[in-house]
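Open the model in your viewer and keep the selection panel at hand.

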Amino acid sequence: MSEYHADSQEFRYIGKPVKRNDGPEKVSGTAQYAGDIVLSGMLHARLLTSPYAHARILSIDTCAAEALPGVRAVITGEHGSVKVGIYMQDKSVIATDTVRYQGEIVAAVAADTVEIAREAVSLIKVDYEPLEVLNDVRKAVEPDAMLLHPHLGTYAHSVGVFFPEPGSNIANHTRIRRGNLEEGFKQADLILENSFEQNQVLHVPLETHVTLVQWGVDDQIKIWSSGQSPFSVRDLFSIAFGIPRANIEVNIPFVGGGFGGKAGIHLEPLVALLSKAAGGRPVKLEPTREEECQTLPCRQGQVARIKTGCTRDGKIVAEQVEILWDAGAYADYGVNIGRASATSACGPYHIPNICVDAKTVYTNHLYGTAYRGFGHPEVFFAVERQRDLMARELGMDPTEFRLKNLLYPGDETITGELITENTGSPDKCLKRAIELIDAQTPYTEAEKEQMAATGKLRGKAAAVLQKAPAMPTWSASSALVQMNEDGSVRISVSGVDYGQGTYTILRQIAAERLKMPIEDVYINKSVITPLSPYDWQTVASRMTSICGMAVMEACDDLIKQIREIGAIALRAAAHEVEFDNAEVYVRQNPQYRIAFGKIAMGYIYENGNAVGGPLIGRGKAIAQGLSNLDEHTGQGKAALDWTYGAHAVEIEVELATGDIEVLQMATVIDAGRVMNEQLLHGQIVGGALQGLGCTFSEVLLHDDQGRLLTRNFTDYKIPTFKDMPRKMYTDVVETPQLDGPYGARGAGEHPLISVTSTVANALANATGLEFYDLPLSAWRVWTKLQEQQQKQQEVQE
C-alpha cells in the first residue's frame, strides 16, 4: 500500500476503467435530447426580453402580435406573475411591473413556427421608464442603497436555513463565529488584509435550456426538460401553481451539459403557461445562444475581503472574511451558494479564531445560480492567493506555510466538525501535486539566463482545495434494481447523467455487489417522474456517494430475495446459499447451480408448480447527520463529507505580449476510493480546463447602464483543446470515506477549484505582479508589465 492509495483489495469492477455506457448513443447521434422531441400539434415559442437593466414597465401592447396569423398565444406578466424558487421565491415567471436585468423576459409567444413566433415578438410594443441601475455589489450593501426588492421580507424562503435582511439588498447573510477574534489578532505578529474580486461567468452548456410542456385537461402537466432536477422541477411547479404533484410528469431525456446551470427550475413554468394559453397544445422553447447568455442564469460574481493574523513562525491565529456575492437580479439559488461559501471561507485550515460574513446581494446584473464548484472556485481564488501573499510577507515557503496550518485528524473545521482519519488528506494531495511537476525545485542560473534571453519568464506554484456537497439536511436518493427474465438486471434512478459518468459508476457498483458480469447490468438513461424512484437533484457531486449507497442497498435487498428463492429451489437454508456470475448455489455443494434467469420471475418445478415472483430490490439513502447552522455562530454539521485536492502549475509569461502558457499542471484529488480511474481522469482534465477558462478569458462585462456586453462567443471566450497545458498530470489520494460506496466520495466539481489562484500565484512568482482580480488576460498582464517596467525605470533614474 503506497502513501497515497488505499489497500490493494481486489475488486471486479470498482476502480476499473469501465467504458461509459452512454458513449455509443452520443457519438453516433442516436441519443435523444429535449430538442429532438416533436409532438403532434406542437407550437414554438420565442421570447421578448428587456433592453434595460432596470426599468418600470408602463404598458405592453400585444394586439398586433395576437392578430398575426399562426400565433396561438401571447402572454405577459399579467399571466405569469406567480413566483418560483427552490430556496427563495423572489422571481416571477415573467416580469410584472419592473424589470431588474437586461434580458429579463417581459412577454412570450407561441406560434405554429419559430419564424412566426419571432415576427410576433417584434410586433409587441413595451413602454419602459428607465430607473437607476445598481451595478456594484459594494454599493448595493451601503445603508442608503436603492432597494431592488422592497418586499424582500414577504418572500417565502427556507426559514432557519437562510437569513434575508428586509430593508436591504441582502437576500441572505450567513455568519460563522469561532473563538475570540479580537484576542486572536492581538496574538498575531503580522496582520495582512486584502480584497479580491471576480465578475460573473457563464456555464456554456452545449445544449441550451430546451423545454417542452403540454398543459392537458384537468391540469395534467407533461414536461420535457434539459434539466438536472426532475423531482425538484415537479415539486417547485406544484408549489408555484397549487397543482398536485401526481398531476405533473417530468421527463428528462439525454442532457447536453449542465455545470449546475440547469439545476432547480427555469423555463418550465413559462412554457407551461404558453401551453395553457394555447388551449393545451404542446409548446417547445429552444433558447438561442444569446438568450442562454443574457436571459438564463450565470455564475455569481464575488468580492472577498480577508484579514489574516499570523505568528512569526507561520501559524494562523485569526482570520476575518467578508464575502459579497453578486447574485444579480434574483437570489433564489444564490442564497445557498452564499451559505456554502461561508463554510469554506477559510479553506482546509485550522484557525482558532474566526469571523465570517457571507452576504448574497441583489444587483441589476444577470441573476446567478449553481455553477460547478458551487462558490468554491471564487472563494479559493481569494483564500489561496491570501496564503501565498502571507507566506511572502513572512519570508516563508508557501508550501511549508500551508502544511503548518492545514487540518489534520483531531482538528475541527470552522463550523465545529471533527476531522478524523477518514475525512481526507489535503496534505498528501499537496505533496503529490508538487512532486508531479517538481514545483519546489528552484530554477537554475542557466534556466534564468534562458528566460532573460527569450523574454519568457517562468513560475511555479501550488494550492489546495476542498468542497463538501452543499445540500439540505433531508436530500435523499432512491433506487430500484430489477431482474429481467434472462437474469440480467436494470437499475432505475432519477439522477441525471449529463456527462459526468454517473450511470457507468452505478452500473459498476451494482455489478460488484451482485457479483455478475457488468455486461448484464443495464440502467435507464432517462427519467420519468411517475415511473422513476425519487431523487432530490443531480448536483453537489453527490450522486456517487448518496445515489451509489441507494443502489448498494437495492442490490442488498435483491440479494436477500435471491437467497430466499434460491434456498427454495436448491432445498437449502437461505444462509447457505451463495451466488456468483449470475448463478446461485449451495456453499458446500457449488457444482450444482441455478442461473439467475431461472429464478428471476419465480422458480418453476418440473411438475409446473411455481414459487416466488419477480425479483425487485429497493434502496434508499439520505444525507445522514447533517444539521442546520446556528443563525448567529454558524456552528453545526454542514458537510456530509469533504473532498480535498491540490493543483500545481508551471507557467511561462511572454513579456512582449502578456500571454501566459501553462507548461505543466498537476491535479490530485482525494476521491476516497476511485470508482473508475478513466472517468475521474476525464473529470479532472475537463474541470482543470474549465478553471483555466475562468482564469484567462471568461468574464461577463456590463456597461455603466448594466447592459451585458458579452452575449455571444465572439465576445465571450471559452477555452478549447488548444489551451490545454503542454503536460497534464492527474493522480489520486485514496482515504476511504466510511459512509460512501466502497469508500468513495464525490469528485466531479473539485478539479475546477483553486485553478485561478494557483496560476495567479505562479504569475506572481514569475513576474512579481500581484493580481487581486480576474481574468488574467494577455492585455491585463501586458498592461501591468508595462506599469512595472515604467516604475523600475523611474527608480533607476
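Is aspartate 218 buried or exposed? At 69% relative accessibility, aspartate 218 counts as exposed; the cut-offs are under 20% relative accessible area for buried, over 50% for exposed and partly exposed in between, with a 1.4 Å probe and protein chains only. Before going on, note that this is a predicted model, in which local features need pLDDT of at least 70, side-chain atom pairs count only at pLDDT 80 or more, and totals for chains, interfaces and linings use all residues. Residues are numbered from 1 along each chain as its sequence is written, and side-chain values use heavy atoms, with hydrogens and water left out.

Stay on aspartate 218: its phi is positive, about 55°, although the residue is not a glycine. Aspartate 218 sits in the loop between β11 (211–215) and β12 (221–225). Helices (H or I, at least four residues) and strands (E, at least two) are DSSP runs, numbered from the N terminus.

Next, select phenylalanine 374. This residue is not a glycine either, and has a positive phi of about 50°. Look for phenylalanine 374 in the loop between β19 (368–369) and α10 (376–394). Its relative accessible area is 6%, so phenylalanine 374 is buried.

Then select leucine 774 and proline 775. The peptide bond joining leucine 774 and proline 775 is cis, with omega about 5°. Proline 775 belongs to the loop between α18 (755–767) and α19 (778–796).

Now colour by domain. The assignment gives domain 1 (37–132 + 211–285), domain 2 (301–415 + 425–471 + 628–794) and domain 3 (476–622); such bounds come from an automatic or database domain assignment. Taken over C-alpha atoms, the centres of domain 2 and domain 3 are 41 Å apart.

Between them, domain 2 and domain 3 bury about 1500 Å², 65% of it on carbon and sulfur atoms. Buried area is the accessible area (1.4 Å probe) that two parts lose on being put together, summed over both. Select Met675, Pro741 and Tyr742: they supply 33% of the area that domain 2 buries against domain 3, more than any other three residues.

How many salt bridges are there between domain 2 and domain 3? The count is zero, a salt bridge being a side-chain nitrogen of Lys or Arg within 4 Å of a carboxyl oxygen of Asp or Glu.
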